[in-house]
Amino acid sequence: MELLERKKCLAELADWLRRAIEGAGCIALLGAEAGIGKTALLQEFAKAQLGVRVLWGGCDALFAPRPLGPLYDIARQTQGELLAAINSNANREVIFAAALDELERTQTLIVFEDMHWADEATLDLLKYLGRRIQRTRAMLAVSYRDDEVGARHPLRFVIGDLPRAATHRMSLSPLSEAAVAQLARQAGQSSADLHRITGGNPFFVTEALAAVADTVPASVRDAVLARAMRLTPDARQIAELACVVRGQSHCARQN
């Protein structure tokens, strides 16, 4: 599907990266709900950065998260001293210093994806690099689900400690009704009620358009169930109750 209504975001990212490679390294915080297109935006942006090294690491929702997961991903891309430091089971100070050395080596776009799932070591790494990013020619793009990062989430504390002068923030909005209608036309389908049903969430829109029947796509059902299982018991009970509440129009008719 075409990436719609993201030109302004791409332009802002490009401006931040330009200033970073000119000697003012920075962090770009990309917080938005699941399915809104954070990964698609960063991938589209990364493809356009000819001449800039792109390093990509991500956190996973594992039952036993591995420490420094994104850094392992990045070390396999860079090889060299960073990979050697990790493979040698060096202490955290040595590994963090090797990561900073790698960022100081050349102009770089580095991505830490899904940081709402980050372990404590990765959060410490973000804080360490964030406080030193201005001495590099790199932009560290950090994506996370802001609706899963509450006031007491550890990532929120780290974000609050990042240097203001080197930190930029971006939030993605849902697609407009016009954009949803355009995607529907491209898929040869009707857009009736599609925006209202999906809320303009690109993931829900594309999955609904790809569905072969007038039912909830399995991918959407699985994604919703996975998120529900990570809620607290009280929050999950509220969500379950909300699922059986009748719509407003029906209630109005009853009254």
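Start by selecting Gly188, which follows helix 8 and has a positive phi, near 70 degrees. Helices here are DSSP runs of H or I with at least four residues, strands are E runs of at least two, and both are numbered from the N terminus. The model is predicted, and local features need pLDDT of at least 70, side-chain atom pairs count only at pLDDT 80 or more, and totals for chains, interfaces and linings use all residues. Residues are numbered from 1 along each chain as its sequence is written, and side-chain values use heavy atoms, with hydrogens and water left out.

**Whole chain**

Show the protein chain as a cartoon: there are 13 helices and five strands. Of its 255 residues, 40% count as buried. Buried means under 20% relative accessible area, exposed over 50%, and partly exposed in between, with a 1.4 Å probe and protein chains only. Among contacts between residues at least 6 apart in sequence, 74% join residues at least 24 apart; a contact means heavy atoms within 4.5 Å.

Next select helix 8, residues 177-186. Its buried residues are Ala179, Val180, Ala181, Leu183 and Ala184. They pack against helix 9 (194-198) and helix 10 (202-210).

Now pick Val205, in helix 10. Is Val205 buried or exposed? Val205 is buried, with a relative accessible area of 0%. Leaving aside neighbours within four places in sequence, Val205 is in contact with Val180, Leu183, Leu194, Thr198 and Gly200. Draw a distance from Val205 to Ala181: these residues are 24 apart along the chain, and their C-alpha atoms are separated by 9.9 Å.

**Helix 6 and helix 7**

Move to helix 6 (residues 120-130) and helix 7 (residues 154-161), whose axes come within 9 Å and cross at roughly 10 degrees. Axes are lines fitted to C-alpha atoms, for helices over the stretch in contact, and angles run from 0 to 180 degrees between N-to-C directions. Helix 6 and helix 7 are therefore roughly parallel to each other. Angles under 35 degrees count as roughly parallel, over 145 as roughly antiparallel, 65 to 115 as roughly perpendicular and the rest as oblique.

Show side chains here: Leu123, Leu126 and Lys127 in helix 6 meet Pro154, Leu155, Val158 and Asp161 in helix 7. By class, this contact has five nonpolar, no polar and two charged residues. Nonpolar covers Ala, Val, Leu, Ile, Met, Phe, Trp, Tyr, Cys and Pro; charged covers Asp, Glu, Lys and Arg; the others, Gly among them, are polar.

Select Asp60, in the loop between strand 2 (53-58) and helix 3 (69-78). Asp60 is partly exposed, with a relative accessible area of 40%. A cavity is a set of points on a 1 Å grid over the protein atoms alone where a 1.4 Å probe fits but cannot get out, and lining residues have an atom within 4 Å of a point. The largest cavity has a volume of about 60 Å³, where volume is the space filled by probe spheres set on the points, with grid points joined across faces, edges and corners.

**Second largest cavity**

How much space lies in the second largest cavity? About 40 Å³. Select its lining, which includes Leu55, Leu71, Glu102 and Leu129. Helix 5 gives the largest share, three residues. The lining divides into eight nonpolar, no polar and one charged.

Technical notes
1 Å grid on protein atoms, 1.4 Å probe; cavity = no way out; pocket = protein on both sides within 12 Å on 5 of 7 lines; lining within 4 Å.
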